[in-house]
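Here are my notes on the model you sent over. Have a look at the structure first, then read through the points.

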Amino acid sequence: MANQYHLDDETIAAIQSSNDIVDVVGEYVQLKKQGRNYFGLCPFHSENTPSFSVNQEKQIFHCFGCGKGGNVYTFLMEIEGFTFPQSVQHLAEKSGFQLDISKNAGQNDDRSASEEQSILEAYQWLAKLYHHLLYHTKDGKKGLEYLHQRGFTDETIERFQIGFSLPSKDFIVKFLEKKGYHRQLMVKAGFLITNDQTNYFDRFSGRIIFPIRNAIGKTVGFGGRSIGDQEPKYLNSPESELFQKSKLLYNFDNARSEIRKRNEVILLEGYADVLALHQAGVPNVVASLGTSFTDSQANIIRRYVETVVICFDGDKAGQNATYKTLKLLKKVGCHVKIAMLPNGYDPDQYIQEYGADDFHQTILEASASEMTFLISHLRNEYNLNQEGDRLRYVERIISEIALLDSSIERDHYLRELSDQFSLSFEALQQDLVTKLKNSEKNDDNRKNFGNTNERIHNNYQNKQKVLPAYHNAERRLIAFMLQNAHIADRVKEALGSKFNIEQHQIIVTYLYGFYEAGNQPNPSHFLTLIEDKMIQKLVVELSMLDCNWDISDRELEDYINTISAEQNGHSRIKELEREQKIMEKTDPVKAAQIAMEIIKIRQQSKRGS
Ligand SMILES: [Zn+2]
(Lines give C-alpha, C1' and ligand atoms only; values in the text may rest on other atoms or scores of the structure.)
Protein backbone atom coordinates (compact mmCIF):
# COMPACT_ATOMS: atom_id res chain seq x y z
CA MET A 1 0.00 0.00 0.00
CA ALA A 2 2.79 2.30 0.94
CA ASN A 3 4.79 2.03 -2.24
CA GLN A 4 2.09 2.92 -4.68
CA TYR A 5 1.99 6.38 -3.10
CA HIS A 6 5.76 6.96 -3.23
CA LEU A 7 5.95 7.17 0.52
CA ASP A 8 8.61 5.16 2.21
CA ASP A 9 7.65 2.67 4.88
CA GLU A 10 9.91 4.24 7.46
CA THR A 11 8.27 7.65 7.21
CA ILE A 12 4.84 6.08 7.36
CA ALA A 13 5.83 4.10 10.44
CA ALA A 14 7.47 7.11 12.10
CA ILE A 15 4.42 9.32 11.60
CA GLN A 16 2.24 6.50 12.81
CA SER A 17 4.19 5.99 16.00
CA SER A 18 4.14 9.68 16.86
CA ASN A 19 0.34 9.71 16.75
CA ASP A 20 -1.15 7.58 19.50
CA ILE A 21 -4.36 5.97 18.22
CA VAL A 22 -6.08 6.65 21.54
CA ASP A 23 -5.55 10.40 21.04
CA VAL A 24 -6.55 10.40 17.39
CA VAL A 25 -9.69 8.32 17.90
CA GLY A 26 -10.36 10.23 21.11
CA GLU A 27 -10.95 13.37 19.06
CA TYR A 28 -14.01 11.72 17.58
CA VAL A 29 -15.14 9.25 20.21
CA GLN A 30 -15.40 9.54 23.97
CA LEU A 31 -13.32 6.60 25.19
CA LYS A 32 -13.40 4.93 28.58
CA LYS A 33 -10.69 2.58 29.74
CA GLN A 34 -11.89 -0.94 30.54
CA GLY A 35 -9.14 -3.43 31.29
CA ARG A 36 -6.61 -3.40 28.46
CA ASN A 37 -8.87 -1.66 25.96
CA TYR A 38 -10.67 1.64 25.61
CA PHE A 39 -14.35 1.48 24.76
CA GLY A 40 -16.71 3.99 23.17
CA LEU A 41 -19.71 4.36 20.90
CA CYS A 42 -18.87 3.29 17.36
CA PRO A 43 -18.68 6.26 14.98
CA PHE A 44 -19.38 3.98 12.01
CA HIS A 45 -22.69 2.49 13.03
CA SER A 46 -25.52 3.70 15.20
CA GLU A 47 -25.55 2.27 18.71
CA ASN A 48 -26.50 3.18 22.27
CA THR A 49 -24.06 0.85 24.00
CA PRO A 50 -20.36 0.84 23.23
CA SER A 51 -18.92 -2.01 21.17
CA PHE A 52 -16.12 0.00 19.64
CA SER A 53 -12.71 -0.66 21.19
CA VAL A 54 -9.22 0.75 20.89
CA ASN A 55 -6.12 -1.12 21.99
CA GLN A 56 -3.31 1.25 22.86
CA GLU A 57 -0.63 -1.40 23.11
CA LYS A 58 -1.35 -2.72 19.62
CA GLN A 59 -2.42 0.66 18.24
CA ILE A 60 -5.51 -0.67 16.56
CA PHE A 61 -9.27 -0.16 16.80
CA HIS A 62 -12.02 -2.68 16.29
CA CYS A 63 -15.82 -2.62 16.44
CA PHE A 64 -17.44 -5.83 17.61
CA GLY A 65 -20.74 -4.52 16.30
CA CYS A 66 -20.11 -3.64 12.65
CA GLY A 67 -16.70 -5.27 12.27
CA LYS A 68 -14.82 -2.11 11.22
CA GLY A 69 -11.22 -2.10 12.34
CA GLY A 70 -7.72 -0.96 11.54
CA ASN A 71 -4.93 1.39 12.54
CA VAL A 72 -4.76 5.14 12.92
CA TYR A 73 -4.60 5.69 9.12
CA THR A 74 -7.53 3.40 8.37
CA PHE A 75 -9.52 5.19 11.04
CA LEU A 76 -9.02 8.59 9.39
CA MET A 77 -9.77 7.15 5.96
CA GLU A 78 -13.06 5.81 7.26
CA ILE A 79 -14.17 8.77 9.34
CA GLU A 80 -12.93 11.66 7.19
CA GLY A 81 -13.15 9.99 3.81
CA PHE A 82 -9.42 10.62 3.38
CA THR A 83 -7.25 8.71 0.92
CA PHE A 84 -4.28 6.91 2.45
CA PRO A 85 -1.82 9.72 1.60
CA GLN A 86 -4.25 12.31 2.96
CA SER A 87 -4.32 10.41 6.27
CA VAL A 88 -0.54 10.35 6.33
CA GLN A 89 -0.40 14.04 5.48
CA HIS A 90 -2.93 14.91 8.14
CA LEU A 91 -1.03 13.11 10.89
CA ALA A 92 2.28 14.46 9.61
CA GLU A 93 0.93 18.01 10.01
CA LYS A 94 -0.29 17.22 13.50
CA SER A 95 3.01 15.85 14.69
CA GLY A 96 5.30 18.34 12.98
CA PHE A 97 6.65 16.21 10.12
CA GLN A 98 7.57 18.02 6.93
CA LEU A 99 5.81 16.21 4.16
CA ASP A 100 4.27 17.27 0.89
CA ILE A 101 2.59 14.40 -0.78
CA SER A 102 -0.46 16.12 -2.17
CA LYS A 103 1.07 16.21 -5.68
CA ASN A 104 1.97 12.53 -5.66
CA ALA A 105 -1.30 11.63 -4.08
CA GLY A 106 -3.19 13.31 -6.88
CA GLN A 107 -2.09 10.73 -9.42
CA ASN A 108 -3.92 7.96 -7.69
CA ASP A 109 -7.01 9.83 -6.68
CA ASP A 110 -9.99 10.10 -8.88
CA ARG A 111 -10.71 13.54 -10.25
CA SER A 112 -13.40 14.43 -7.78
CA ALA A 113 -11.13 13.77 -4.80
CA SER A 114 -8.42 16.09 -6.10
CA GLU A 115 -11.05 18.68 -6.98
CA GLU A 116 -12.34 18.48 -3.43
CA GLN A 117 -8.79 18.95 -2.20
CA SER A 118 -8.47 22.12 -4.31
CA ILE A 119 -11.72 23.50 -2.96
CA LEU A 120 -10.57 22.75 0.56
CA GLU A 121 -7.34 24.65 -0.03
CA ALA A 122 -9.25 27.56 -1.54
CA TYR A 123 -11.41 27.70 1.57
CA GLN A 124 -8.31 28.00 3.77
CA TRP A 125 -6.96 30.85 1.60
CA LEU A 126 -10.26 32.70 1.57
CA ALA A 127 -10.78 32.41 5.33
CA LYS A 128 -7.38 34.07 5.84
CA LEU A 129 -8.13 36.71 3.24
CA TYR A 130 -11.54 37.63 4.67
CA HIS A 131 -10.10 37.95 8.16
CA HIS A 132 -7.33 40.20 6.84
CA LEU A 133 -9.83 42.39 4.97
CA LEU A 134 -11.86 42.94 8.14
CA TYR A 135 -8.93 44.66 9.82
CA HIS A 136 -7.04 46.22 6.97
CA THR A 137 -9.51 47.86 4.59
CA LYS A 138 -11.83 50.84 4.79
CA ASP A 139 -14.89 48.74 3.98
CA GLY A 140 -13.77 46.10 6.44
CA LYS A 141 -13.75 48.73 9.20
CA LYS A 142 -17.54 48.97 8.85
CA GLY A 143 -17.80 45.28 9.56
CA LEU A 144 -15.39 45.57 12.46
CA GLU A 145 -17.33 48.47 13.94
CA TYR A 146 -20.50 46.44 13.72
CA LEU A 147 -18.86 43.52 15.56
CA HIS A 148 -17.42 45.80 18.26
CA GLN A 149 -20.78 47.44 18.64
CA ARG A 150 -22.33 44.05 19.27
CA GLY A 151 -19.84 43.62 22.07
CA PHE A 152 -17.36 41.23 20.48
CA THR A 153 -13.74 41.78 21.46
CA ASP A 154 -10.77 41.56 19.11
CA GLU A 155 -9.69 38.46 20.94
CA THR A 156 -12.99 36.75 20.13
CA ILE A 157 -12.93 37.95 16.52
CA GLU A 158 -9.39 36.59 16.19
CA ARG A 159 -10.26 33.31 17.86
CA PHE A 160 -13.18 32.62 15.52
CA GLN A 161 -11.33 34.11 12.53
CA ILE A 162 -14.29 36.32 11.68
CA GLY A 163 -13.81 38.12 8.38
CA PHE A 164 -15.34 40.49 5.90
CA SER A 165 -15.97 40.24 2.19
CA LEU A 166 -15.54 43.51 0.30
CA PRO A 167 -18.59 44.96 -1.45
CA SER A 168 -16.88 44.33 -4.78
CA LYS A 169 -18.08 42.04 -7.53
CA ASP A 170 -14.83 40.39 -8.43
CA PHE A 171 -12.21 41.02 -5.77
CA ILE A 172 -12.03 37.39 -4.72
CA VAL A 173 -12.32 36.22 -8.35
CA LYS A 174 -9.02 37.92 -9.04
CA PHE A 175 -7.50 36.74 -5.80
CA LEU A 176 -8.38 33.10 -6.43
CA GLU A 177 -7.39 33.24 -10.10
CA LYS A 178 -3.99 34.49 -9.06
CA LYS A 179 -3.72 31.44 -6.84
CA GLY A 180 -4.48 29.25 -9.83
CA TYR A 181 -8.11 28.35 -9.23
CA HIS A 182 -10.49 28.13 -12.14
CA ARG A 183 -13.75 30.12 -12.10
CA GLN A 184 -15.86 27.04 -12.69
CA LEU A 185 -14.37 25.43 -9.58
CA MET A 186 -15.10 28.57 -7.54
CA VAL A 187 -18.72 28.46 -8.68
CA LYS A 188 -18.89 24.81 -7.78
CA ALA A 189 -17.42 25.56 -4.35
CA GLY A 190 -20.06 28.25 -3.89
CA PHE A 191 -17.69 31.22 -3.56
CA LEU A 192 -19.02 32.73 -6.77
CA ILE A 193 -22.41 33.01 -8.39
CA THR A 194 -22.89 33.24 -12.14
CA ASN A 195 -26.05 33.42 -14.18
CA ASP A 196 -24.62 33.57 -17.67
CA GLN A 197 -21.08 32.12 -17.44
CA THR A 198 -19.60 35.53 -18.25
CA ASN A 199 -20.40 37.56 -15.17
CA TYR A 200 -19.21 36.23 -11.84
CA PHE A 201 -20.18 37.63 -8.47
CA ASP A 202 -18.86 37.10 -4.99
CA ARG A 203 -21.64 35.28 -3.15
CA PHE A 204 -20.84 36.95 0.16
CA SER A 205 -19.87 40.43 -0.95
CA GLY A 206 -20.42 43.08 1.72
CA ARG A 207 -21.03 40.57 4.48
CA ILE A 208 -19.43 39.59 7.78
CA ILE A 209 -17.95 36.14 7.30
CA PHE A 210 -18.11 33.33 9.85
CA PRO A 211 -15.80 30.51 8.72
CA ILE A 212 -17.38 27.13 9.42
CA ARG A 213 -14.84 24.42 10.18
CA ASN A 214 -15.23 20.67 10.24
CA ALA A 215 -14.29 18.46 13.18
CA ILE A 216 -10.59 18.61 12.33
CA GLY A 217 -10.48 22.38 12.08
CA LYS A 218 -10.53 22.83 8.30
CA THR A 219 -12.80 25.55 6.94
CA VAL A 220 -15.42 23.89 4.74
CA GLY A 221 -18.05 26.60 4.47
CA PHE A 222 -18.92 30.22 5.27
CA GLY A 223 -21.81 31.85 6.99
CA GLY A 224 -22.32 35.43 5.83
CA ARG A 225 -24.27 38.04 7.79
CA SER A 226 -25.36 41.29 6.20
CA ILE A 227 -24.65 44.49 8.11
CA GLY A 228 -26.89 46.77 6.08
CA ASP A 229 -30.32 46.10 4.63
CA GLN A 230 -29.02 43.35 2.36
CA GLU A 231 -31.32 40.32 2.21
CA PRO A 232 -31.26 37.63 3.40
CA LYS A 233 -29.80 38.50 6.77
CA TYR A 234 -27.89 35.20 6.92
CA LEU A 235 -26.45 33.35 3.95
CA ASN A 236 -24.54 30.05 4.01
CA SER A 237 -22.30 28.29 1.50
CA PRO A 238 -24.34 25.90 -0.64
CA GLU A 239 -24.46 22.19 0.25
CA SER A 240 -21.65 20.06 -1.16
CA GLU A 241 -19.69 16.92 -0.38
CA LEU A 242 -17.49 19.03 1.90
CA PHE A 243 -20.18 21.21 3.39
CA GLN A 244 -23.11 19.22 4.71
CA LYS A 245 -24.95 21.36 7.18
CA SER A 246 -26.79 18.43 8.71
CA LYS A 247 -23.50 16.78 9.72
CA LEU A 248 -21.55 19.77 11.00
CA LEU A 249 -21.66 21.68 14.24
CA TYR A 250 -20.38 25.23 14.46
CA ASN A 251 -17.33 25.57 16.77
CA PHE A 252 -17.07 21.83 17.39
CA ASP A 253 -13.33 21.73 16.63
CA ASN A 254 -12.65 24.56 19.10
CA ALA A 255 -14.91 23.29 21.85
CA ARG A 256 -14.12 19.60 21.64
CA SER A 257 -11.53 19.32 24.38
CA GLU A 258 -13.62 21.42 26.81
CA ILE A 259 -16.72 19.38 26.00
CA ARG A 260 -14.83 16.24 26.88
CA LYS A 261 -13.31 17.72 30.02
CA ARG A 262 -16.66 18.92 31.37
CA ASN A 263 -18.63 16.01 29.97
CA GLU A 264 -21.23 18.55 28.99
CA VAL A 265 -22.02 20.52 25.86
CA ILE A 266 -24.20 23.59 25.49
CA LEU A 267 -26.17 23.58 22.29
CA LEU A 268 -27.09 26.91 20.70
CA GLU A 269 -28.89 28.15 17.61
CA GLY A 270 -26.67 30.85 16.14
CA TYR A 271 -23.05 31.75 15.39
CA ALA A 272 -23.32 34.99 17.36
CA ASP A 273 -24.60 33.05 20.38
CA VAL A 274 -21.52 30.85 20.26
CA LEU A 275 -19.24 33.88 20.19
CA ALA A 276 -21.15 35.56 23.01
CA LEU A 277 -21.04 32.53 25.31
CA HIS A 278 -17.41 31.85 24.55
CA GLN A 279 -16.61 35.42 25.48
CA ALA A 280 -18.66 35.03 28.65
CA GLY A 281 -16.37 32.21 29.75
CA VAL A 282 -18.40 29.26 28.51
CA PRO A 283 -16.15 27.41 26.06
CA ASN A 284 -18.06 24.13 25.64
CA VAL A 285 -20.57 25.54 23.15
CA VAL A 286 -21.65 24.46 19.66
CA ALA A 287 -24.48 25.45 17.32
CA SER A 288 -26.32 23.96 14.39
CA LEU A 289 -25.91 25.86 11.13
CA GLY A 290 -29.11 27.81 10.82
CA THR A 291 -31.11 24.64 10.17
CA SER A 292 -32.99 22.33 12.51
CA PHE A 293 -30.93 20.00 14.60
CA THR A 294 -30.50 16.57 12.96
CA ASP A 295 -30.04 12.88 13.81
CA SER A 296 -26.45 13.01 12.57
CA GLN A 297 -25.63 15.96 14.81
CA ALA A 298 -27.20 14.16 17.77
CA ASN A 299 -25.01 11.14 17.04
CA ILE A 300 -21.85 13.25 16.83
CA ILE A 301 -22.64 14.81 20.20
CA ARG A 302 -23.49 11.49 21.83
CA ARG A 303 -20.11 10.06 20.89
CA TYR A 304 -18.50 12.71 23.11
CA VAL A 305 -20.83 13.48 25.95
CA GLU A 306 -23.85 12.35 27.83
CA THR A 307 -25.14 15.68 29.09
CA VAL A 308 -26.45 18.32 26.71
CA VAL A 309 -27.81 21.70 27.79
CA ILE A 310 -30.11 23.18 25.16
CA CYS A 311 -30.13 26.97 25.17
CA PHE A 312 -32.30 28.23 22.30
CA ASP A 313 -34.23 31.46 21.78
CA GLY A 314 -36.86 32.30 24.35
CA ASP A 315 -39.67 32.71 21.80
CA LYS A 316 -42.24 30.18 20.65
CA ALA A 317 -40.18 29.02 17.65
CA GLY A 318 -37.18 28.52 19.93
CA GLN A 319 -39.22 26.46 22.38
CA ASN A 320 -40.66 24.29 19.63
CA ALA A 321 -37.14 23.71 18.31
CA THR A 322 -36.06 22.84 21.87
CA TYR A 323 -38.80 20.21 22.07
CA LYS A 324 -37.77 18.57 18.77
CA THR A 325 -34.08 18.68 19.64
CA LEU A 326 -34.75 17.21 23.08
CA LYS A 327 -36.53 14.25 21.48
CA LEU A 328 -33.65 13.63 19.05
CA LEU A 329 -31.07 13.77 21.82
CA LYS A 330 -33.05 11.42 24.05
CA LYS A 331 -33.28 8.95 21.20
CA VAL A 332 -29.50 8.62 21.05
CA GLY A 333 -29.27 8.29 24.84
CA CYS A 334 -28.27 11.79 25.97
CA HIS A 335 -29.15 13.29 29.32
CA VAL A 336 -30.75 16.64 28.50
CA LYS A 337 -31.20 19.86 30.45
CA ILE A 338 -32.86 23.04 29.24
CA ALA A 339 -31.54 26.53 29.90
CA MET A 340 -34.62 28.69 29.40
CA LEU A 341 -34.44 32.30 28.33
CA PRO A 342 -37.17 34.89 28.83
CA ASN A 343 -39.43 35.37 25.83
CA GLY A 344 -37.90 37.60 23.20
CA TYR A 345 -34.27 36.95 24.09
CA ASP A 346 -31.53 34.91 22.47
CA PRO A 347 -28.38 34.10 24.50
CA ASP A 348 -26.36 36.85 22.81
CA GLN A 349 -28.98 39.54 23.58
CA TYR A 350 -29.40 38.32 27.14
CA ILE A 351 -25.68 38.53 27.88
CA GLN A 352 -25.49 42.00 26.31
CA GLU A 353 -28.28 43.23 28.52
CA TYR A 354 -27.69 41.42 31.81
CA GLY A 355 -24.02 40.42 31.64
CA ALA A 356 -22.10 37.17 31.80
CA ASP A 357 -22.47 36.59 35.57
CA ASP A 358 -26.21 36.89 35.46
CA PHE A 359 -26.34 34.50 32.49
CA HIS A 360 -24.33 31.91 34.43
CA GLN A 361 -26.49 32.14 37.55
CA THR A 362 -29.97 32.80 36.23
CA ILE A 363 -29.89 30.82 33.01
CA LEU A 364 -27.20 28.12 32.95
CA GLU A 365 -27.11 27.07 36.58
CA ALA A 366 -30.88 27.18 36.78
CA SER A 367 -31.24 24.79 33.81
CA ALA A 368 -34.48 22.83 34.02
CA SER A 369 -34.75 19.07 33.85
CA GLU A 370 -36.34 17.74 30.69
CA MET A 371 -39.58 16.90 32.55
CA THR A 372 -39.92 20.37 34.00
CA PHE A 373 -39.51 21.73 30.49
CA LEU A 374 -41.98 19.27 28.98
CA ILE A 375 -44.61 19.92 31.66
CA SER A 376 -44.52 23.63 30.92
CA HIS A 377 -44.03 23.35 27.15
CA LEU A 378 -46.79 20.82 26.44
CA ARG A 379 -49.21 22.93 28.49
CA ASN A 380 -49.37 25.35 25.55
CA GLU A 381 -50.97 22.70 23.37
CA TYR A 382 -53.97 22.20 25.65
CA ASN A 383 -56.68 24.35 27.10
CA LEU A 384 -56.43 23.37 30.74
CA ASN A 385 -59.73 25.02 31.62
CA GLN A 386 -61.53 22.26 29.78
CA GLU A 387 -61.76 18.92 31.49
CA GLY A 388 -61.24 16.84 28.34
CA ASP A 389 -58.11 18.75 27.40
CA ARG A 390 -56.88 18.58 30.97
CA LEU A 391 -57.09 14.79 31.00
CA ARG A 392 -55.41 14.50 27.60
CA TYR A 393 -52.62 16.70 28.89
CA VAL A 394 -52.18 14.51 31.99
CA GLU A 395 -52.10 11.40 29.76
CA ARG A 396 -49.44 12.99 27.59
CA ILE A 397 -47.28 13.88 30.58
CA ILE A 398 -47.60 10.34 31.97
CA SER A 399 -46.33 8.98 28.64
CA GLU A 400 -43.32 11.25 29.00
CA ILE A 401 -42.78 10.19 32.62
CA ALA A 402 -42.83 6.56 31.50
CA LEU A 403 -39.74 7.27 29.41
CA LEU A 404 -37.67 8.30 32.45
CA ASP A 405 -35.03 5.82 33.61
CA SER A 406 -35.14 6.46 37.34
CA SER A 407 -38.11 5.29 39.41
CA ILE A 408 -37.44 8.03 41.96
CA GLU A 409 -37.78 10.64 39.24
CA ARG A 410 -40.92 8.98 37.92
CA ASP A 411 -42.47 9.10 41.40
CA HIS A 412 -41.47 12.71 41.87
CA TYR A 413 -43.19 13.97 38.73
CA LEU A 414 -46.22 11.75 39.22
CA ARG A 415 -46.72 13.25 42.67
CA GLU A 416 -46.36 16.74 41.23
CA LEU A 417 -48.99 15.95 38.64
CA SER A 418 -51.35 14.50 41.23
CA ASP A 419 -51.02 17.57 43.47
CA GLN A 420 -51.42 20.05 40.65
CA PHE A 421 -54.58 18.55 39.18
CA SER A 422 -56.01 16.99 42.39
CA LEU A 423 -55.92 13.51 40.90
CA SER A 424 -55.45 10.29 42.86
CA PHE A 425 -51.77 9.34 42.98
CA GLU A 426 -52.65 5.62 42.88
CA ALA A 427 -54.73 6.04 39.74
CA LEU A 428 -51.88 7.89 38.00
CA GLN A 429 -49.47 5.19 39.14
CA GLN A 430 -51.71 2.49 37.67
CA ASP A 431 -51.73 4.36 34.38
CA LEU A 432 -47.97 4.64 34.45
CA VAL A 433 -47.48 0.91 35.12
CA THR A 434 -49.50 0.08 32.00
CA LYS A 435 -47.42 2.44 29.91
CA LEU A 436 -44.18 1.05 31.36
CA LYS A 437 -45.18 -2.49 30.42
CA ASN A 438 -45.66 -1.38 26.86
CA SER A 439 -42.23 0.16 26.69
CA GLU A 440 -40.46 -2.70 28.44
CA LYS A 441 -39.06 -4.04 25.18
CA ASN A 442 -37.08 -0.85 24.72
CA ASP A 443 -35.69 -1.08 28.22
CA ASP A 444 -34.19 -4.47 27.50
CA ASN A 445 -31.87 -2.88 25.03
CA ARG A 446 -30.42 -0.53 27.58
CA LYS A 447 -27.34 -1.84 29.22
CA ASN A 448 -24.44 -0.14 30.89
CA PHE A 449 -20.79 -0.25 29.98
CA GLY A 450 -19.92 -3.24 32.15
CA ASN A 451 -22.68 -5.47 30.86
CA THR A 452 -21.90 -4.60 27.29
CA ASN A 453 -18.33 -5.63 27.70
CA GLU A 454 -19.38 -8.98 29.02
CA ARG A 455 -21.98 -9.44 26.32
CA ILE A 456 -19.45 -8.69 23.61
CA HIS A 457 -17.04 -11.09 25.16
CA ASN A 458 -19.63 -13.85 25.27
CA ASN A 459 -20.65 -13.26 21.68
CA TYR A 460 -17.06 -13.47 20.74
CA GLN A 461 -16.52 -16.71 22.62
CA ASN A 462 -19.63 -18.20 21.02
CA LYS A 463 -18.48 -17.23 17.58
CA GLN A 464 -15.20 -19.02 18.18
CA LYS A 465 -16.84 -22.15 19.53
CA VAL A 466 -18.72 -22.92 16.35
CA LEU A 467 -15.58 -22.94 14.23
CA PRO A 468 -13.89 -26.30 13.51
CA ALA A 469 -10.77 -27.05 15.56
CA TYR A 470 -8.27 -26.44 12.76
CA HIS A 471 -9.85 -23.07 12.00
CA ASN A 472 -9.55 -21.99 15.63
CA ALA A 473 -5.99 -23.32 15.76
CA GLU A 474 -5.08 -21.13 12.77
CA ARG A 475 -6.68 -18.07 14.31
CA ARG A 476 -4.92 -18.56 17.64
CA LEU A 477 -1.62 -19.24 15.98
CA ILE A 478 -1.77 -16.12 13.80
CA ALA A 479 -2.73 -14.08 16.86
CA PHE A 480 0.53 -15.24 18.49
CA MET A 481 2.53 -14.76 15.31
CA LEU A 482 1.35 -11.16 15.04
CA GLN A 483 2.82 -10.45 18.44
CA ASN A 484 5.91 -12.59 18.40
CA ALA A 485 8.41 -12.90 15.55
CA HIS A 486 10.05 -15.92 17.12
CA ILE A 487 6.79 -17.89 17.05
CA ALA A 488 6.26 -16.77 13.46
CA ASP A 489 9.70 -18.20 12.62
CA ARG A 490 8.89 -21.55 14.14
CA VAL A 491 5.54 -21.75 12.35
CA LYS A 492 7.21 -20.81 9.10
CA GLU A 493 9.63 -23.69 9.50
CA ALA A 494 6.91 -26.19 10.38
CA LEU A 495 4.08 -25.11 8.10
CA GLY A 496 5.24 -22.40 5.75
CA SER A 497 2.13 -20.84 4.27
CA LYS A 498 0.20 -24.10 4.34
CA PHE A 499 -2.75 -22.87 6.31
CA ASN A 500 -6.16 -24.29 5.40
CA ILE A 501 -8.08 -21.02 5.22
CA GLU A 502 -7.13 -19.00 2.19
CA GLN A 503 -7.27 -15.64 3.99
CA HIS A 504 -4.95 -17.03 6.65
CA GLN A 505 -2.47 -18.10 3.96
CA ILE A 506 -2.41 -14.54 2.67
CA ILE A 507 -1.89 -13.07 6.14
CA VAL A 508 1.00 -15.35 7.09
CA THR A 509 2.70 -14.79 3.73
CA TYR A 510 2.58 -11.03 4.32
CA LEU A 511 3.68 -11.54 7.90
CA TYR A 512 6.75 -13.61 7.01
CA GLY A 513 7.75 -10.84 4.59
CA PHE A 514 7.13 -8.21 7.25
CA TYR A 515 9.49 -9.93 9.73
CA GLU A 516 12.07 -10.71 7.04
CA ALA A 517 12.27 -6.99 6.30
CA GLY A 518 13.52 -6.59 9.87
CA ASN A 519 10.33 -5.24 11.39
CA GLN A 520 9.41 -5.79 15.01
CA PRO A 521 5.97 -7.17 15.85
CA ASN A 522 3.54 -4.29 15.32
CA PRO A 523 0.02 -5.17 14.16
CA SER A 524 -0.81 -1.56 13.50
CA HIS A 525 2.20 -1.00 11.25
CA PHE A 526 1.70 -4.38 9.62
CA LEU A 527 -1.77 -3.25 8.53
CA THR A 528 -0.38 -0.53 6.27
CA LEU A 529 1.06 -3.25 4.04
CA ILE A 530 -2.27 -4.89 3.40
CA GLU A 531 -4.63 -3.45 0.83
CA ASP A 532 -7.53 -5.87 0.89
CA LYS A 533 -10.21 -4.57 3.25
CA MET A 534 -11.44 -8.05 4.24
CA ILE A 535 -7.93 -9.17 5.10
CA GLN A 536 -7.29 -5.96 7.04
CA LYS A 537 -10.42 -6.59 9.05
CA LEU A 538 -9.34 -10.11 9.83
CA VAL A 539 -5.86 -9.01 10.94
CA VAL A 540 -7.46 -6.53 13.34
CA GLU A 541 -9.81 -9.17 14.66
CA LEU A 542 -6.98 -11.62 15.25
CA SER A 543 -4.79 -8.94 16.81
CA MET A 544 -7.54 -8.24 19.30
CA LEU A 545 -7.68 -11.87 20.49
CA ASP A 546 -6.35 -12.08 24.01
CA CYS A 547 -3.35 -14.36 24.03
CA ASN A 548 -1.36 -15.64 26.96
CA TRP A 549 2.03 -14.15 26.41
CA ASP A 550 3.94 -17.32 27.15
CA ILE A 551 2.54 -20.01 24.91
CA SER A 552 4.00 -23.42 25.87
CA ASP A 553 5.90 -25.49 23.32
CA ARG A 554 3.27 -28.13 23.77
CA GLU A 555 0.46 -25.74 22.87
CA LEU A 556 2.36 -24.52 19.84
CA GLU A 557 2.93 -28.11 18.68
CA ASP A 558 -0.75 -28.86 19.14
CA TYR A 559 -1.82 -25.98 16.96
CA ILE A 560 0.66 -26.89 14.24
CA ASN A 561 -0.39 -30.55 14.32
CA THR A 562 -4.08 -29.71 14.14
CA ILE A 563 -3.47 -27.51 11.13
CA SER A 564 -1.31 -29.97 9.23
CA ALA A 565 -3.60 -32.89 10.09
CA GLU A 566 -6.42 -31.01 8.43
CA GLN A 567 -4.12 -30.18 5.55
CA ASN A 568 -3.26 -33.90 5.19
CA GLY A 569 -6.84 -34.96 5.67
CA HIS A 570 -7.81 -32.47 3.06
CA SER A 571 -5.39 -33.76 0.44
CA ARG A 572 -6.15 -37.36 1.43
CA ILE A 573 -9.87 -36.69 0.84
CA LYS A 574 -9.10 -35.20 -2.58
CA GLU A 575 -7.08 -38.27 -3.45
CA LEU A 576 -9.82 -40.63 -2.23
CA GLU A 577 -12.48 -38.71 -4.12
CA ARG A 578 -10.56 -39.23 -7.36
CA GLU A 579 -10.22 -42.93 -6.62
CA GLN A 580 -13.88 -43.16 -5.72
CA LYS A 581 -14.93 -41.73 -9.09
CA ILE A 582 -12.96 -44.32 -10.98
CA MET A 583 -14.20 -47.21 -8.81
CA GLU A 584 -17.85 -46.19 -9.17
CA LYS A 585 -17.72 -47.44 -12.75
CA THR A 586 -15.74 -50.65 -12.16
CA ASP A 587 -16.12 -51.69 -8.51
CA PRO A 588 -19.15 -50.20 -6.68
CA VAL A 589 -18.32 -52.08 -3.43
CA LYS A 590 -14.86 -50.60 -3.33
CA ALA A 591 -16.33 -47.16 -4.12
CA ALA A 592 -18.69 -47.47 -1.15
CA GLN A 593 -15.77 -48.38 1.11
CA ILE A 594 -13.89 -45.32 -0.04
CA ALA A 595 -16.94 -43.16 0.63
CA MET A 596 -17.01 -44.50 4.20
CA GLU A 597 -13.36 -43.66 4.62
CA ILE A 598 -13.94 -40.09 3.43
CA ILE A 599 -16.75 -39.66 5.96
CA LYS A 600 -14.47 -40.93 8.71
CA ILE A 601 -11.72 -38.48 7.87
CA ARG A 602 -14.24 -35.62 7.73
CA GLN A 603 -15.58 -36.56 11.16
CA GLN A 604 -12.11 -36.72 12.63
CA SER A 605 -11.31 -33.30 11.29
CA LYS A 606 -14.49 -31.87 12.86
CA ARG A 607 -13.55 -33.29 16.25
CA GLY A 608 -10.20 -31.63 15.89
CA SER A 609 -8.35 -35.02 15.70
ZN1 LIG B 1 -19.33 -0.27 14.58
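1. Start at Gly-281: this glycine has a positive phi of about 85° and sits just after helix 12. Keep in mind that we're looking at a predicted model.

2. Now step back into helix 12 itself. Is it enclosed or open to the outside? Helix 12 covers residues 271-279, and nine of the nine are buried, so the helix is largely enclosed by the rest of the structure. Buried here means that 20 or more other C-beta atoms lie within 10 Å of the residue's own. Among the buried residues are Asp-273, His-278 and Gln-279, along with Val-274, Leu-275 and Leu-277.

3. So what covers those buried residues? The cover includes helix 8 (154-159) and helix 15 (347-354). Strand 9 (207-213), strand 10 (219-226), strand 12 and strand 13 are also part of it.

4. Zooming in on one pair: strand 12 (residues 264-268) runs parallel to strand 13, with three bridges between them. Across this pairing, Leu-267 is opposite Val-286 of strand 13.

5. Finally, the annotation. An unreviewed UniProt entry lists residues 263-342 as "domain: Toprim". In the model, that span is 44% helix and 20% strand, and its end C-alpha atoms are 26 Å apart.

Notes:
Residues are numbered from 1 along each chain as its sequence is written. This is a predicted model: local features need pLDDT of at least 70, side-chain atom pairs count only at pLDDT 80 or more; totals for chains, interfaces and linings use all residues. UniProt positions are given in the numbering used here, feature names are shortened, and annotations may be inferred rather than shown by experiment. Helices (H or I, at least four residues) and strands (E, at least two) are DSSP runs, numbered from the N terminus. Two strands pair if DSSP finds at least two bridges between them. A residue is buried if 20 or more other C-beta atoms lie within 10 Å of its own, exposed if 12 or fewer, and partly exposed in between; C-beta atoms are placed from the backbone. Two residues are in contact if their C-beta atoms, placed from the backbone, lie within 7 Å.
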